[in-house]
Amino acid sequence: MVTSSPPRPRILVADDQPDVLAALRLLLKTEGYEIETANSPAVILSLLEAKNFDLALIDLNYTRDTTSGQEGLDLLSRLQAVDGTFPVVVMTAWGSLELVVDAMRRGARDFIQKPWDNARLLAIVRTQIELSQALRKGQRLEAENRLLRAEGRPTLIAQSPAMKPVLDLIARVGPSDANVLVTGEHGTGKEVVAKTLHAISARASKPMVVVNTGGFAEGVFESELFGHVKGAFTDARADRVGRFELADGGTLFLDEIANVPPNLQAKLLRVLETGEFERVGSSKPCRADVRIISATNADLPAEVKAGRFREDLLFRLNTVEIHLPPLRQRREDILPLATHFLRQHAQRYRNRLSGFDPAATQALLEHPWPGNVRELDHAVERAVLLAQDEVLRSGDLSLRGGREATPRLEDLSLEEVECYLVKKALARFQGNVSQAAKALGLSRSALYRRLERYGL
Ligand SMILES: Nc1ncnc2c1ncn2[C@@H]1O[C@H](COP(=O)(O)OP(=O)(O)OP(=O)(O)O)[C@@H](O)[C@H]1O
Ligand SMILES: [Mg+2]
């Protein structure tokens, strides 16, 4: 019989002084702990991403500035936002009581003052590891219960290997208060994921308020988000509560976040940093306890590089990022999704359809699905309406030629749109460049340059 002892608790020790690290490593190792060391916040973050730890013992000061403790405090806030159950014990120099108070407020479980007393340090480490194990077990049970109860939880079908890490991440960060950025192409299910995160969080009984940030005129946006007071502008005949306040205690879902104009990015950043905002026309600060989930199909780091999106705002929003792969990279999900949509629509249209015939199944699997899950949903709905028999046939799906079908404008880049329009104009005038150029409002040479660029 093979027996194995329980795994040794793993501790991350961080300090910028090598002798401190060496002494702690020796002390904790002798007590049977597994130790990893780090000498900067960046190393700490990358270690935490790579491995699971049972506790972190971190110094508050690193080389960038060695007295204020700000680097350590920022790190602590970030760690707590990602996983509020992860125990962090901070180390400070004697006499920096204010720093200790600030650290405890940001979620540190305990503190150790340097030079430390070995017995006290070991007692704190042992107690905190035990406490957090109990806490995590309790929270996990609670989250699982909520998932099972499925109250208000949207259907999220994900059986493919590509979705496994996504599901794991949802289960892990769902219950926390971490801000989450959901990314992925059009129709990949970003809103479904946002709703799921909310539904399994402790905020589930409070509202999830949705804001389509691309949907407002610039002037309206601010008052939609933060509210306004009577008389703030001509149409403001009464006080109005903004979406931030409506979401108090719950979740605010900022959809299409890349569309927020620059001046509002600055305002949003301030709210996220301080938790405070003012209604338009008022100077009285309001507070709201809100978890932010945002979504985009844009490449935000590229938007940052291009100067269109604030990097500091991105950093606040993407404490955790969940990326949804396009449907073509998770083909195992196509049939379960199609079956789900078939049932849904058949019920809605009071139709006795029972499934797909083999050719329809094949067509579903072979289609590239540029519009992802939403396109699949619509294709099945259309087929349900057209179907004559009790099974859906490939003809009902009318997917053939899907590749050449008119592309959806919003799925294309500017260059792709241009290339598409150039091709269409050429086809319309049977390849006559002068006429095509005229129709496009271009000179002949400008059109030739484009033909060359797009290899036409
Ligand atoms: N994994 C899934 N399981 C079940 N239904 C899904 C899933 N993913 C998406 N859907 C359904 O597909 C449709 C599109 O999903 P959703 O609106 O969440 O996509 P999105 O990524 O927000 O799209 P967009 O970028 O266009 O806003 C919805 O009807 C949604 O219910
Ligand atoms: Mg959406």
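Trainee: How many helices and strands does the secondary structure of the chain come to?

Mentor: In this predicted model, the chain has 19 helices and 16 strands. Its C-alpha trace spans about 85 × 70 × 50 Å along the principal axes.

Trainee: What share of the residues in the chain is buried?

Mentor: Of the 456 residues, 44% are buried. The accessible surface comes to about 24,600 Å², and carbon and sulfur atoms hold 51% of that. As for sequence separation, 69% of the contacts with a separation of 6 or more link residues 24 or more positions apart.

Trainee: And the charges: how many are positive, how many negative, and how far apart are their mean positions?

Mentor: There are 60 positive and 60 negative charges, and their mean positions lie 4 Å apart.

Trainee: Let us turn to sheets. Which strands form the open sheet that includes β1, and in what order?

Mentor: Start with the general idea: strands of a sheet pair through backbone hydrogen bonds, either parallel or antiparallel. Here five strands follow the order β2-β1-β3-β4-β5, with parallel pairing. At the edges are β2 (34-38) and β5, each of which pairs on one side only. Neighbouring strands are turned by 20° against each other on average, direction ignored.

Trainee: Which helix packs on this sheet and touches β1, β2, β3 and β4?

Mentor: That is α1 (residues 18-30), whose direction makes about 170° with that of β2. Another helix, α4 (residues 97-105), lies across β4 and β5 and runs at about 155° to β5.

Trainee: How many bridges join the paired strands β1 and β3?

Mentor: Four bridges hold that parallel pair, formed by β1 (residues 10-14) and β3 (residues 55-59).

Trainee: Why is strand β5 described as largely enclosed by the rest of the structure?

Mentor: Look at burial residue by residue. Four of the five residues in β5 (residues 110-114) are buried, so this strand is largely enclosed by the rest of the structure.

Trainee: With which residues is Gln128 in contact, leaving aside its neighbours within four places in sequence?

Mentor: Its contacts are Leu55, Pro87, Val89, Arg109 and Asp110. Gln128 itself belongs to helix α5 (residues 118-149). Its relative accessibility is 7%, and because buried means under 20%, Gln128 counts as buried.

Trainee: Now the other five-strand sheet. What is the order of its strands, with β7 and β14 included?

Mentor: The order is β7-β10-β13-β6-β14, an open sheet with parallel pairing. Its edge strands are β7 (208-212) and β14 (320-323), each pairing on one side only. The twist from one strand to the next averages 20°. Within this sheet, four bridges join β10 (residues 251-255) to β13 (residues 291-296). Leu252 has Ile292 as its bridge partner in β13.

Trainee: Which strands does helix α7 lie across?

Mentor: Helix α7 (residues 190-199) lies across β6 (180-183), β7, β10, β13 and β14, and runs at about 165° to β13. This helix is mostly covered, with seven of its 10 residues buried. Among them are Val193, Leu197 and His198.

Trainee: What should I know when reading backbone angles?

Mentor: Most residues other than glycine have a negative phi, and most peptide bonds are trans. Against that background, look at the bond from Lys114 to Pro115, which is cis with omega near -5°. Pro115 sits in the loop between β5 and α5.

Trainee: Where do Glu256 and Asn372 lie?

Mentor: Glu256 is in the loop between β10 and α10 (262-274), and its phi is positive, near 55°. Asn372 belongs to helix α15 (residues 372-386), with a positive phi near 60°.

Conventions: Residues are numbered from 1 along each chain as its sequence is written. Chains are lettered from A and ligands numbered from 1 in the order in which they are written. This is a predicted model: local features need pLDDT of at least 70, side-chain atom pairs count only at pLDDT 80 or more; totals for chains, interfaces and linings use all residues. Side-chain values use heavy atoms; hydrogens and water are left out. Helices (H or I, at least four residues) and strands (E, at least two) are DSSP runs, numbered from the N terminus. Buried means under 20% relative accessible area, exposed over 50%, partly exposed in between (1.4 Å probe, protein chains only). Contact means heavy atoms within 4.5 Å. Accessible areas come from the Shrake-Rupley method with a 1.4 Å probe; for residues, only the protein chains shown count as cover. Lys and Arg count as positive and Asp and Glu as negative; His and the chain ends are not counted. The place of a charge is taken as NZ of Lys, CZ of Arg, CG of Asp or CD of Glu. Two strands pair if DSSP finds at least two bridges between them. Axes are lines fitted to C-alpha atoms, for helices over the stretch in contact, and angles run from 0 to 180 degrees between N-to-C directions.
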